[in-house]
Amino acid sequence: MSYVTKSPWIIHYDGSSCNGCDIEVLACLTPMYDVERFGIINTGNPKHADIFLITGSVNEQNINVIKQIYEQMPEPKVVVAVGICATSGGIFKECYNVMGGVDTVIPVDVYVPGCAARPEAIIDGVVKGLGVLEEKRAAMGKKPAAVKAETKADSGKKKEEA
Amino acid sequence: MSTILFLILFPFVVALALLVLKTDAARDVIVKVASVVIAAASVYLTVQYFGSGGEYFEFEGEIVNSLMMGIEICLAVIIFYLGVKYKKYLASLLVAIQTPIMVWFELSVGHGIHVTHNMYVDRLSLVMVLIIGIIGTLICWYSIGYMKDFQHHHHGEPDRRPWFFFLMFLFLAAMFGIVVSNNLVWLYFFWEITTLCSFFLIGYTKTKEAINNSFRALIMNLFGGLGFVLGIVVLGNFYETLELDQMLAIGLMGGSVVVPAALLAFAGITKAAQMPFNSWLLGAMVAPTPTSALLHSSTMVKAGVFLIVKLSPVLGWNLAGIMVMLVGGITFLMASFAAISQSNAKRVLAYSTVANLGLIVACGGIGTYAAVWAAIMLIIFHAVTKSLLFLCVGTAEHNIGSRDIEDMDGLFGRMPRLATFMIVGIAGMFLAPFGMLISKWAALKAVIDSGNVLLVMMIVFGSAATLFYWTKWLGKMVAIVAKRENIQQNVHKEEWLVLSSLTVLTIVICLIFPVVSSYLIVPYLEAVYSTVAALALSSGNMYIMSAMLALVVLLPLLFFGKTNKKIVPIYMAGVNLGDDLTFLGSMEKPMPVSLRNWYMEDYFAEKRMNVIGVIATVVVLVAAFSMIIGGVL
Amino acid sequence: MNLTTSLIGIAAYLILAPIAGGLLAGIDRKISARMQGRYGPPILQPFYDFFKLMEKEPITVNKVQDFYIMCFLIFIIITGCFFFAGGDLLLVIFTLTLASIFLVVAAFSSNSPYAQVGAERELLQMMAYEPMVLLTAVGFYLVSGSFNVADIVTGEVMGIKYLPGIFLGFVFILTIKLRKSPFDLSMSHHAHQELVKGMTTEFSGRTLAALEIAHWYENIFLLGFVYLFFVNQAAWTPVLAVIVCLVVYFIEILIDNSYARMKWQIAINASWIVAVTLGFVNLLVLYFMG
């Protein structure tokens, strides 16, 4: 059992969200849902984080930002797209400035649809993400160089829906 | 004895030679050869008296006295004339009061006083001789390369480098004279020569600011000189001696020498740029860097504290000693605070010098065995480390075109070797396990044992301020800024030689200081205090410090920069443009990252710190002198 | 203290301090959570965090940052070893300063905006607590005649009897040293976030793990200072002292949860005023009493 599942730290980023999902993410930290029970801490720093929680869709302005944050996270890392806008663009998909969901930029491991996604669903998604983290961590341990390419390709296939 | 005379006369002869030589080649050779000879002579002197611990010399010679008096009068006339010419009448006034009193005294009372020993050597003198002879000559060596650049930058102006080097070597001669003169009149003569050298060197660039600052230095030091003269007059008239060792003997045997001690200490206070006289040292920073290094950090100001340390046995909990303690403590505190708000590197170094001198002065004032140990250690370490820092700043300035700390970020990339030397220098000024920290530790203990609670508070707060201003400069030095090209190749080899020597010396002195302590300093203290006492630092702790130093040197040598981790960009909220230097601003424009240190002007503004310090020290000085004079009358 | 007891002290510190420190951190988070009406993480959570960080991919922003953090860890451990070997309090304080400088320099070296601001704030914090810490050492010296921890611990006098002011002052600045609100300006632990992560913004993985464990080592010898106030040669005093340490730690947790972070001006004003009033007055009284 790797420790990364016992101490998953989050970086939460708002792409172009209306803040509805963001409020629900923050609600998870409140006493009502209390995700710190699972060792989850909201660090705002990609270099400290294991889970990249994104709300809102991708547009021209935030493509590079999302890429940068993702690249500055050390392995093993998972991406959880929270809310339908992050999943696929939601009702804004046809807008001229919206590129689509997060998977247009970076590989997503867990999708949590909803508008706004409920805290229970978000927690559920994160827990599923922990499973993915576990696998990635195990793969990391074996052959670091070759496996890196493998996990990147595989995570495109491993799409679990909450 | 001949070595001492050689040390005084040889630099003087060299100075004259340098005054007339005009070519670079000749000057280079003479300076280098002379430096080596002087350094060798200093070491030789130390070896000569290492075992015996010193000697007193008669050195009879009325002719010397007459010669000195003659030169003094000539110099007085020159100063008087210059004061009038530049409309600095206070200078003319002071010299018009000071020199006639001195001459009158020498011709009347002084003539009659028999001087047993005009000169001497003891272990403290040896320490000072080594500092002057080694560090002083290293700085002269450095000046060769530095002044070439200087002349290059000021190519429109006449080449007055012969005058510069004349003054530097004349100054060395005078300093040697100060630390081996037992006859206070002779000491005063050499003292005034250093004042003059400082005056001419500060005004070297002949800009309006330089001239003003040189006169400020002159006036303040003349003021101190006046105190010196009055001290000699009192000593001669009421105690019938002109000799330093006899004055100390009177004091140690229970007699009160508070009045002359206070007056001589006052001279030391002005020379050491203590508040309220610190502004001359700050103003002296306009001079070429070797001047700042030699005169105003490592050597001339040490003459001031040297005198106070020599007077330590008769200071302590009397009016003179309390005056000195408080002036030193207040200066240490306020100068440390003021340094926080400075971004000009030379000003930071100047305030740091003033502060450290304040600490030495305070220890001298306490006058106990442990305090004087701390003071002497501080003198040694400060001389080495501060000259290193000044010379590094000088080299940096010539190569990056600025003395501002804010322009020194990324120096590690642009001038890696220089940055490393500066890091050693900065660390050496305040970090364990380097020497200044060890000395400060000892000073703190001595201050606690002295019972002066106010002084304890001053030291404690001053130390806190100290770590702040040094570390933020250190932070600028270590920052790894992307895309910095190496511009080190323009540094002269003489500069590299001196900078590396001083860096090595900084580390070596810290490693061997237990040895220096047991063989040079403790015997001196035992001789002066006629007792063996516990040092502030136990020998166990001293060896722990040396071990830590070895570790601190070894760790970087083994591990610095050796990593094969993947490098990622720094976090700029996701808008890093990839080079770690610019980010995408809110209007889609690339914005450069600009990082500045904190200067905390609201708390530590230079003006306010100076005002508080000056008022406090003036109150102390006036109160002390009133009580001393009142007590006598 | 002879060599054997010193070595035992050092060994105990080296092995037990990270465990105790980690447990304390875990208890801290649990109690904080309960104060906030939550369940909170398991008590062993800090250890999970530590091991997770060790497992992360090694990345860094420049070639020197991790070296500085390594030095920070080494010198924090050395500081604690000096303390638990019964060494000189001033030596402990100065070595701690050296270690802290390494941490600040690590943050500066990255030339990152967030790290820089964190570093400047950390320096300010150091300047704020330094006077009081030095005065604490002075106080112990005046009361027990020695700076050595060994002598203080086996002395006749219980420090708190003559050092009430200094004790209160020390507990005040302990809030800064333990990085608790209202004075956790430079790197805000855990749930809070400011300036991204302040000083630690550019640290990652094993470097961050080293930082965590260094803080556990540090917290233990900081509590050791508190311990010193309540021991003397009597055999029951260590028990009292440990209880007081835990109570003080609990009070720090309480303060942490009761206050929001304050401005740096308040941090330095308050600390220096405390040092001048509580510290200075206590010292004056001691000097007068002789």
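Among contacts in chain A between residues at least 6 apart in sequence, what share join residues at least 24 apart? The share is 80%, where contact means heavy atoms within 4.5 Å.

Welcome to these close-ups of a predicted model, in which local features need pLDDT of at least 70, side-chain atom pairs count only at pLDDT 80 or more, and totals for chains, interfaces and linings use all residues. Residues are numbered from 1 along each chain as its sequence is written, chains are lettered from A and ligands numbered from 1 in the order in which they are written, and side-chain values use heavy atoms, with hydrogens and water left out.

**View 1. Chain A and its elements.** Chain A holds five helices and eight strands. Helices (H or I, at least four residues) and strands (E, at least two) are DSSP runs, numbered from the N terminus. Of the 162 residues in chain A, 56% are buried; buried means under 20% relative accessible area, exposed over 50%, and partly exposed in between (1.4 Å probe, protein chains only).

**View 2. The largest nonpolar core.** A nonpolar core is a set of buried Ala, Val, Leu, Ile, Met, Phe, Trp, Tyr and Cys residues joined through side-chain atoms within 4.5 Å. The largest one has 358 residues, and those touching the most other members are Phe169(B), Phe228(B), Trp473(B), Met600(B), Phe75(C), Leu89(C) and Met127(C). Helix H16 (residues 369-400) of chain B gives the most to this core, namely 23 residues. A second, separate core has 22 residues, among them Val4(A), Cys21(A), Tyr33(A) and Val112(A).

**View 3. Around Leu89(C).** Here is one of the residues from the previous view, with its surroundings. Neighbours within four places in sequence aside, the contacts of Leu89(C) include Phe83(C), Phe140(C), Phe147(C) and Phe225(C). Ala137(C), Val149(C), Ile152(C) and Leu228(C) are also among the contacts of Leu89(C).

**View 4. Where chain C meets chain A.** On this interface, 31 residues of chain C are in contact with 30 residues of chain A. About 2500 Å² is buried between the two chains, and carbon and sulfur atoms give 53% of that area. Buried area is the accessible area (1.4 Å probe) that two parts lose on being put together, summed over both. Seven salt bridges are found across the interface of chain C and chain A, a salt bridge being a side-chain nitrogen of Lys or Arg within 4 Å of a carboxyl oxygen of Asp or Glu. One to look for is the salt bridge between the side chains of Glu55(C) and Arg137(A) (3.5 Å, N to O). On the side of chain C that touches chain A, helix H2 (45-55) and helix H9 (205-228) of chain C are the elements that give two or more residues. H2(C) gives the most to that side, with seven residues.

**View 5. Where chain C meets chain B.** Now 64 residues of chain C are in contact with 63 residues of chain B. The area buried between chain C and chain B is about 5700 Å², with 78% of it from carbon and sulfur atoms. Three salt bridges are counted between chain C and chain B. The side chains of Glu57(C) and Lys566(B) form a salt bridge (3.3 Å, N to O). Elements of chain C that each supply at least two residues of the side touching chain B include helix H3 (65-84), helix H4 (89-109) and helix H5 (113-144). H5(C) gives the most to this side, with 16 residues.

**View 6. Two cis peptide bonds.** Glu75(A) and Pro76(A) are joined by a cis peptide bond with omega about -10°. Pro76(A) sits in the loop between helix H2 (60-71) and strand E5 (78-82) of chain A. In chain B, the peptide bond from Ala432(B) to Pro433(B) is also cis, and its omega is near -5°. Pro433(B) belongs to the loop between helix H18 (416-430) and helix H19 (435-450) of chain B.

**View 7. Positive phi in a loop of chain B.** Ala573(B) is in the loop between strand E3 (566-567) and strand E4 (582-584) of chain B. Though not a glycine, Ala573(B) has a positive phi, near 60°. Asp580(B), found in the loop between E3 and E4 of chain B, has phi near 65°, a positive value in a residue other than glycine. Is each residue buried or partly exposed? Ala573(B) counts as partly exposed because its relative accessibility is 35%, whereas Asp580(B), at 17%, counts as buried.
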